[in-house]
Amino acid sequence: MKNTWRIIVLPLLCCFLFSACSAPSSFTQGTVSSAEERVLTDVRTQYRNASLIVRGDCCSTHINSDGLECHDMDVTEVLAGNASVGDRIHIPNGGMTKDQSYLLFLGEGEDVPHAEDVTGYTLLLDAPLPIVDSEVIWEGKRLSLNALKEELEQLGTIVSAPAPVSYYDQLDALTEAADEIFIGEIVSLPEMSTYSLSIRDGGATEKAQYEASLATIRVRGSIKGSVGRYNSELQLFYCPERVSGMLDASTLQLTQFDSSSLLELKEGGTYLFFLLNSPDAKQDYYFPINPIQGFVEISQDDLYASSSNTPVLPYDTLTSLVRALHDALDWSQPGYEEKTPPLVVGE
């Protein structure tokens, strides 16, 4: 009987040991070695630094007037950032080969002379990342392109938010601090969901979760900034919770406001917005300058602001506030008209 059990168990044990020894432990099969984890750490760093991440084909190479080898790339897939398939980008470094496909982590570059349909970028890595048989050659290792794309997609779900969130007690300071000031209508305001935020303040980065809504705003008239033409739409990251971490811009001390100080954002409502651009060029979100001063409700020419929005309270009509904003922007400066057109509500 014992011999019989040996006959049955030993082959099974051998099969088990063989399977354990021969099972692949590579990134391409869904498990990650320590060396590959170091590559993924580099991927995360390069993601934070990049303004655009694409897959592209090198369509031409040439030597520019400075004697540098340059490359033109046709975008075949956008992994993160604002670009479109078919766009052509110019890279003045990299040592790439014509007709080879690459994964590109790119930083902003200079405009390309005499080529209006080509945008200039620079490579963030010392060497290009060739794509061969659906694998990326990264530091001598062959990594699954799909696995890298999944990692980039996961990183893209983390919202990069401006920091610090500051309160302004003077209208000219509020006007100066806002990247965009415009009239807009809330087209949609989904229910609050939990978002992971990456908040970089100086050299420190905080990771936290907040309840927020991605509202869609339709532009009705611009005072400052470049939000787009009349009827263009943008996404607002609406996060009232951040009221608890605001600083006073003049003293850099924590403020004492709470949620009772907030003006409610409502679907279908029209507001005068004071917004900040995303700190991450790959994410096309806008943020209220702070939860109290990010927007003022408009009803015909009447204004309704938070009772804590001190700089705006002296103005009870849109007309009077817009005039004050124009004064704060100092339109008498030469050339300012070209950068910031007058408010135009309607087409």
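Two strands count as paired if DSSP finds at least two bridges between them. Keep that in mind for the second view below. One more thing before we zoom in: this is a predicted model.

**View 1. The whole chain, to get your bearings.**
The protein chain is built with six helices and 19 strands. Out of its 347 residues, 42% count as buried. Look at how the chain folds back on itself: among contacts with a separation of 6 or more, 62% are between residues 24 or more positions apart. The average pLDDT of the chain is 84, and 82% of the residues score at least 70.

**View 2. Strand 4 and the strands it pairs with.**
Is strand 4 largely enclosed or largely open? Strand 4 covers residues 101–108, and seven of its eight residues are buried, so the rest of the structure largely encloses it. Strand 1 (residues 52–63) pairs with strand 4 in the antiparallel sense, through six bridges. To find a spot on that pairing, look for Leu52, whose bridge partner in strand 4 is Leu106. Strand 4 is also joined to strand 6 (residues 129–132), again running antiparallel, by two bridges. Here the pair to look for is Leu103, which stands opposite Leu129 in strand 6. While you trace these strands, remember a handy rule: in a regular strand, side chains alternate between the two faces of the sheet.

The largest nonpolar core has 21 residues, and the members that touch the most others are Leu272, Phe274 and Leu325. Two or more core residues come from each of helix 4 (171–177), strand 11 (180–188), strand 16 (270–277), strand 18 (295–299) and helix 5 (318–329). Which element gives the largest share? That's helix 5, with six residues. Now pick out Leu325: setting aside residues up to four places away in sequence, Leu325 touches Leu171, Thr175, Ile181, Ile223, Leu272 and Phe274. Apart from this core lies another one, made of 20 residues, including Phe105, Leu125, Ile131 and Leu148.

Zoom in on Lys149 and Glu77, which form a salt bridge with their closest N and O atoms 2.8 Å apart. This pair ties distant parts of the chain together: Lys149 sits in helix 3 (residues 145–156) and Glu77 in strand 2 (residues 69–80), 72 residues apart. Lys149 has a relative accessibility of 24%, so it counts as partly exposed. Glu77, with a relative accessible area of 23%, is partly exposed too.

Let's start with Arg220 and Glu185, whose side chains meet in a salt bridge at 2.9 Å, N to O. Distant parts of the chain are linked here as well: Arg220 belongs to strand 13 (residues 204–224) and Glu185 to strand 11, 35 residues apart. Glu185 is partly exposed, at a relative accessible area of 21%. Then find Asp99, which forms a salt bridge with Lys98, the closest N and O atoms being 3.6 Å apart. Is Asp99 buried or exposed? The cut-off for exposed is over 50% relative accessible area, and Asp99 has 61%, so Asp99 is exposed. Lys98, at 46%, counts as partly exposed.

**View 3. Around Glu211, plus a look at the cysteines.**
Glu211 is found in strand 13, and its relative accessibility of 32% makes it partly exposed. Which residues does Glu211 contact, leaving aside neighbours within four places in sequence? They are Met192, Ser193, Thr194, Cys239, Pro240 and Glu241. Glu191 is 20 residues away from Glu211 along the chain, and their C-alpha atoms are separated by 9.5 Å. Elsewhere, Cys70 is buried with a relative accessible area of 0%. How many disulfides are there? The count comes to zero.

**View 4. The stretches to read with caution.**
Residues 1–26 stay under 50 in pLDDT, and the model has eight contacts for them beyond four places in sequence. Over residues 332–342, pLDDT also stays under 50, with 14 such contacts in the model.

Terms used: Residues are numbered from 1 along each chain as its sequence is written. This is a predicted model: local features need pLDDT of at least 70, side-chain atom pairs count only at pLDDT 80 or more; totals for chains, interfaces and linings use all residues. Side-chain values use heavy atoms; hydrogens and water are left out. A nonpolar core is a set of buried Ala, Val, Leu, Ile, Met, Phe, Trp, Tyr and Cys residues joined through side-chain atoms within 4.5 Å. Buried means under 20% relative accessible area, exposed over 50%, partly exposed in between (1.4 Å probe, protein chains only). Helices (H or I, at least four residues) and strands (E, at least two) are DSSP runs, numbered from the N terminus. Contact means heavy atoms within 4.5 Å. A disulfide is a pair of cysteine sulfur atoms within 2.5 Å. A salt bridge is a side-chain nitrogen of Lys or Arg within 4 Å of a carboxyl oxygen of Asp or Glu. pLDDT is the predictor's confidence in each residue, from 0 to 100.
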